[in-house]
Amino acid sequence: MTELKDMLIETPVDKLITLVKERKKITLSEAASILKVTETQLEEWVRILEEHGYIELRYPTIGEPEIILKEITEEKISKKESELKKK
């Protein structure tokens, strides 16, 4: 029997979130390479996720831009669950 998780569709943005969760920090170019998208496309996804408080794009003084996982508080999780229930 097919498991539920095998039946779910995983988008490229889901894959990005999973990648950042696993690594905690990854360069923009490395993530783009792994996900097989351009850095420009990836940066658009990161900006959207950044607006929602899930990840952050940092530009260090030296080196490449890095995607970093933000801490998600219990309060933020509860708020999101409430929003979903209303829908």
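Mentor: Helices are DSSP runs of H or I with at least four residues, and strands are DSSP runs of E with at least two, both numbered from the N terminus. This is a predicted model, in which local features need pLDDT of at least 70 and side-chain atom pairs count only at pLDDT 80 or more, while totals for chains, interfaces and linings use all residues. Residues are numbered from 1 along each chain as its sequence is written, and side-chain values use heavy atoms, with hydrogens and water left out.

Trainee: In what order do the elements of the protein run from the N terminus on?

Mentor: Begin with the inventory, which is 5 helices and 3 strands. Read from the N terminus on, these elements of the protein follow the pattern α-α-β-α-α-β-β-α.

Trainee: Is Leu16 buried or exposed?

Mentor: Leu16 belongs to helix 2, which spans residues 12-23. A residue is called buried under 20% relative accessible area, exposed over 50%, and partly exposed in between, with a 1.4 Å probe and protein chains only. The relative accessibility of Leu16 is 0%, and therefore Leu16 counts as buried.

Trainee: Which residues does Leu16 touch, not counting those up to four places away in sequence?

Mentor: A contact means that heavy atoms lie within 4.5 Å. With residues up to four places away in sequence left aside, Leu16 touches Leu35, Leu42, Trp45, Val46, Leu49, Ile55 and Ile67.

Trainee: How wide is the arc that the buried residues of helix 3 cover around the axis?

Mentor: In helix 3, residues 28-35, the buried residues are Leu28, Ala31, Ala32 and Leu35. They are on the same side of helix 3, because the arc they cover around the axis, taken from the directions from the helix axis to the C-beta atoms, is only 100°.

Trainee: At what angle does helix 3 run to strand 1?

Mentor: The cover over the buried residues of helix 3 includes helix 2, strand 1 (25-27), helix 4 (39-51), strand 2 (55-58) and strand 3 (66-69). For the angle, axes are lines fitted to C-alpha atoms, for helices over the stretch in contact, and angles run from 0 to 180 degrees between N-to-C directions. Helix 3 lies across strand 1, strand 2 and strand 3, and its angle to strand 1 is about 85°.

Trainee: Which strands are the edge strands of the sheet?

Mentor: Two strands pair if DSSP finds at least two bridges between them. The 3 strands form an open, antiparallel sheet in the order 1-3-2. Since we want those that pair on one side only, the edge strands are strand 1 and strand 2.

Trainee: Is Thr40 buried or exposed?

Mentor: Thr40 is part of helix 4, and its C-alpha atom is separated by 9.8 Å from that of Ser29, 11 residues away along the chain. With a relative accessible area of 54%, Thr40 is exposed.
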